[in-house]
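Please keep the sequence and the structure in view while I go through it.

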Amino acid sequence: MAKKVKTAFFCQNCGHESAKWQGKCPSCGEWNTFVEEILQDKSAAPQKGDWKPAGNVAEGKKTVSKPLKIEEITYSEEQRIITKDAELNRVLGGGIMPGSVVLIGGEPGIGKSTLMLQIALTLNQQKVLYVSGEESGQQIKQRAERLPFDSDNCYILTETNTQQIFQQIEQNKPDVLVIDSIQTLSSSLLEAAAGSVSQVKECTLELIRFAKETNTPVFMIGHITKDGNLAGPKVLEHMVDTVLQFEGDRHMTYRILRTTKNRFGSTSELGIYEMQSVGLREVSNPSEILISQRDGGLSGIAVGTIMEGNRPLLVEVQSLVTPSVYGNPQRNSNGFDSKRLNMLLAVLEKRGGYKLSFSDIFLNITGGLKVEDPAIDLAVCASMISSHEDWALDGQVCFAAEVGLGGEIRAISKIEHRISEAEKLGFKHIFVSKFNMKGVKQEDHNIRIHAIGKLEELTDYLFT
Ligand code: TYD
Ligand code: MG
């Protein structure tokens, strides 16, 4: 008689297991996420009798954990691997932590494989094993030839079975392991297809165990779903030490590497790259490229300051305000929250007296950036007023303040950093909130600081 295959249903979003199919996941509340998967193949899994407790029982040295006082626990500061890529070092919190598991997510074609191969090729001191389940050896070699790096310490393995991979690792003993991608791996302990929730979870667990036991750092590339989340269960993100997102517009050349979780550093760090024909180039002074195409004399353009982590960035806000042809005016925003845009428009109408309700409004943050920092508000308002009035702003002016519902100009964080960055880039005027001026001295800066309290003061200054 054929062996009965055991199956269960798994939520593709959170990994919840259920014996029967359900429309809505009781754990995370998502709809239509249950997929049937084959459960563990008992014949391949270790049998009950094979199980050995952790610790070396054979030699009679069974290790038992017992509670320790925190001051009794000793550790040595781990030696991080500092790569040649300064952006990656910063995003990881100061280099690669030994034994850490890093998950890199991003849309297809964004450059995840290129980034990892580039890093693998620049780590000359360490032996790197690059395991690919997506491309053949020749394809990887072709890609490597485009990159201006050379390494005799980088090994390529095209394999998808984790047991085989660990066998190769045992022989080769790499110092750094790269997996491209976690969704292509499968473990023989499970019968489910590669990429399914249970396989992704099992393979990740095996890799984490390997990383922790051997103190080898592991980089895993992960696919993301249509709505931008990492494919596979959310638990995956809980399991790994660090989650990096590689983002950017595929048609634009800039790419942003962002930390969304990091057990060994800050999560507010960000690295910027430019995709060139010879691979990814680090961009060490991003403000310069984000606002470099200023010609002056165009209305609707304003420069704002944002903080990405501890890094101040100057970004250009462009807007186009035109009379609407249809009854229903369009509101279109790129890189800026459209709800916030509507709020600012209401403030401009009510407090500034601008009649914008019959205009189509298009807003764009240049460079493909997505801005969440409220400090961009004032630049957004200035750019819309400028377009509405068709009056170009002075190219040497920039803005750093939040706008409140009463039209008041509100204070923001790290004002000194932002002022210094604007000054460094040659701006001559910066508009900030007057509530931000505590501790800021005009004498210390070579840029004129205009402290204002209300939106009207800005319009009085700029457009009269
Ligand atoms: P790839 O690294 O394969 O992306 P992912 O692994 O995230 O799917 O993606 C690369 C894209 O980058 C591809 O469309 C070609 C382009 N590219 C360059 O522009 N320059 C280069 O030097 C390389 C290697 C790729
Ligand atoms: Mg790839």
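Let me begin with a definition: a residue counts as buried when its relative accessible area is under 20%, as exposed when that area is over 50%, and as partly exposed in between, using a 1.4 Å probe and the protein chains only. What we have here is a predicted model, in which local features need pLDDT of at least 70 and side-chain atom pairs count only at pLDDT 80 or more, while totals for chains, interfaces and linings use all residues. Residues are numbered from 1 along each chain as its sequence is written, chains are lettered from A and ligands numbered from 1 in the order in which they are written, and side-chain values use heavy atoms, with hydrogens and water left out.

Now to the chain as a whole. Of its 464 residues, 49% count as buried, and the chain holds 11 helices and 21 strands, where helices (H or I, at least four residues) and strands (E, at least two) are DSSP runs numbered from the N terminus.

Let me turn to Ser 113, which lies in helix H2, residues 112-122. Is Ser 113 buried or exposed? Ser 113 has a relative accessible area of 14%, and therefore counts as buried. Leaving out residues up to four places away in sequence, Ser 113 touches Tyr 130, Glu 135, Arg 143, Asp 180 and Ile 221, a contact being heavy atoms within 4.5 Å.

Next comes ligand 1. Which residues come nearest to ligand 1? Of the 15 residues around it, they are Gly 109, Ser 113, Thr 114, Gln 276 and Gly 279, where being near means having a heavy atom within 4 Å. Helix H2 gives the most to this shell, with 3 residues, and H2, helix H3 (137-146) and strand S11 (270-276) each supply at least two.

Taken alone, ligand 1 exposes 570 Å², and the protein buries 75% of that, with areas from the Shrake-Rupley method and a 1.4 Å probe, where for residues only the protein chains shown count as cover.

I will finish with Lys 434, found in the loop between strand S20 (429-433) and strand S21 (448-452). Lys 434 counts as partly exposed, because its relative accessibility is 46%. Apart from neighbours within four places in sequence, Lys 434 is in contact with Ala 451, Ile 452 and Gly 453, and its C-alpha is 9.2 Å from that of Lys 454, 20 residues apart in sequence.
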